[in-house]
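User: Could you take me through one part of this protein up close? I would like to look at the residues annotated as the active site and what surrounds them.

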Amino acid sequence: MMEQILFYLIIAFVVFEYATDLCLDWLNRRSWSHEVPEPIRDVYDADTFENHKRYRRVNFSFSQVSGAFSFVATLLVLSSGMLAMVDAWAASITLHPVGRGLLFFAIIGVAASFFNLPFSWYQTFVIEQRFGFNTTTRRTFITDLLKGALLSLLIGAPLMGGVMFLFEWLGEMFWVYAWLLISGFSVFMSMFYTSWILPMFNKQKPLDNGSLRDSIETFSLRSGFRLDNIYVMDGSKRSTKANAFFSGLGSRKRIVLYDTLIRDLTESEIVAVLSHEVGHYKLKHTLWGMLAGIAQTGVLLFLLSLFVTTPELTKALGGEGVQFHIGLVAFGLLFSPISLVIGLMTNGLSRRNEYAADRFAANHADGQALVSALKKLSVNSLGNPTPHPAYVWFHYSHPPLLQRIKALMS
Ligand SMILES: [Zn+2]
């Protein structure tokens, strides 16, 4: 009885999430402006604007189709008892709970990748290609997939296996040690990501001496922020879109600029973008973000520990007894409304931090240069200049361009 209620709740949440996304997409689709908005007329001509609208129209239709496909596939998987079949198959190979759980996730992971493959292929080599965005070769695309799989095997599997082992060993109390394990791992990753993982996908080299480096150092002296590790990354290997980011803690912190950013922006614009990134660091957004993530993991693991020992959770998806791996999937689906609320809060906080980092940049570098950099970056990424407020509320981690410009100008 209870397992049936849980099953229907899970289905209801999947449907609810899909319906919400559809509504938001359509609201957003209807809010596209016909003309170039006033503040960005200097970077858009009417032709480019029309072309970008075509790009977004194609993307919109594509995401409707792919969204519908994955919605139907999710419903089929959940209602056909397919997860229990996968589990039975894993159990026929090993009855060890950790091995069985890892096999279960491996099969689901591989199946999901095969399902997504045609969609991401089409997105990259048909849509992005047609609008001149794509620079990914087929070879890069395939090796990226293989490297991603290797990483899941080398990092994801031991971590997941560790959590399952703790559950087998400690029962309900596993969550405390799992929390320590996952938090320790995420702190470790944030320190070593750019020096260990990123090199598998991209080449980075220190920024050459020259006038750009000089302007960056002048800024660094003026703002009292030591910037020794400035790297340039070959972002152009995959896309013409540009970016910059900050990573690491303490002496391992480094700033990474995409080569596309250096190509498209002037020196003062690059310094302005950089000072925005430094702003995130100085205002401790990086630190607080990490602490908030750790707290969130703790709460979720605690809740998981309360539910995962009830056999109804496993039975809701067609399994038998208490199976941690099936219970985890059911838990994830049942908590999707809460994840949605957490997502809303995180995005809201992140947008506030973006304004604060913009203000920092305006105070320590050049606000005008940041405005023109943001405009260029937004044109380059074919962003939608007039998203619907509800869509922003749900999906945007950064405020829309026009609002950032308005805040910087005031
Ligand atoms: Zn930012």
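Analyst: Happy to! Let's begin with Glu277, which sits in helix H9 (residues 267–282); helices here are DSSP runs of H or I with at least four residues, strands are E runs of at least two, and both are numbered from the N terminus. Before we go on, please note that this is a predicted model, where local features need pLDDT of at least 70 and side-chain atom pairs count only at pLDDT 80 or more, while totals for chains, interfaces and linings use all residues. Residues are numbered from 1 along each chain as its sequence is written, and side-chain values use heavy atoms, with hydrogens and water left out.

Why pick Glu277? The "active site" annotation of an unreviewed UniProt entry covers Glu277 and Asp358. In space these two cluster, with a largest C-alpha distance of 8.9 Å, although they are spread over 82 residues of sequence. UniProt positions are given in the numbering used here, feature names are shortened, and annotations may be inferred rather than shown by experiment.

Glu277 counts as buried because its relative accessibility is 15%. Buried means under 20% relative accessible area, exposed means over 50%, and partly exposed lies in between (1.4 Å probe, protein chains only). Leaving aside neighbours within four places in sequence, Glu277 is in contact (heavy atoms within 4.5 Å) with Ala244, Phe245, Phe246 and Ile255.

Now for its partner in the annotation. Asp358 belongs to helix H13 (residues 336–364), and at 3% relative accessibility Asp358 is buried too. With neighbours within four places in sequence again set aside, the contacts of Asp358 are His276, Leu370, Leu374, Arg404 and Leu408.

Side chains of opposite charge can pair when their charged atoms come close. A salt bridge is a side-chain nitrogen of Lys or Arg within 4 Å of a carboxyl oxygen of Asp or Glu, and by this rule the count comes to 9 salt bridges. One of them joins Arg263 and Asp264, at 3.2 Å from N to O. Asp358 takes part in a network, in which salt bridges that share partners join Glu354, Asp358 and Arg404.

For a pair with two buried members, look at Arg238 and Asp144, whose closest N and O atoms are 2.6 Å apart in their salt bridge. Arg238 lies in the loop between strand S2 (230–233) and strand S3 (244–247) and Asp144 in helix H5 (residues 138–170), so this pair ties together parts that are 94 residues apart in sequence.
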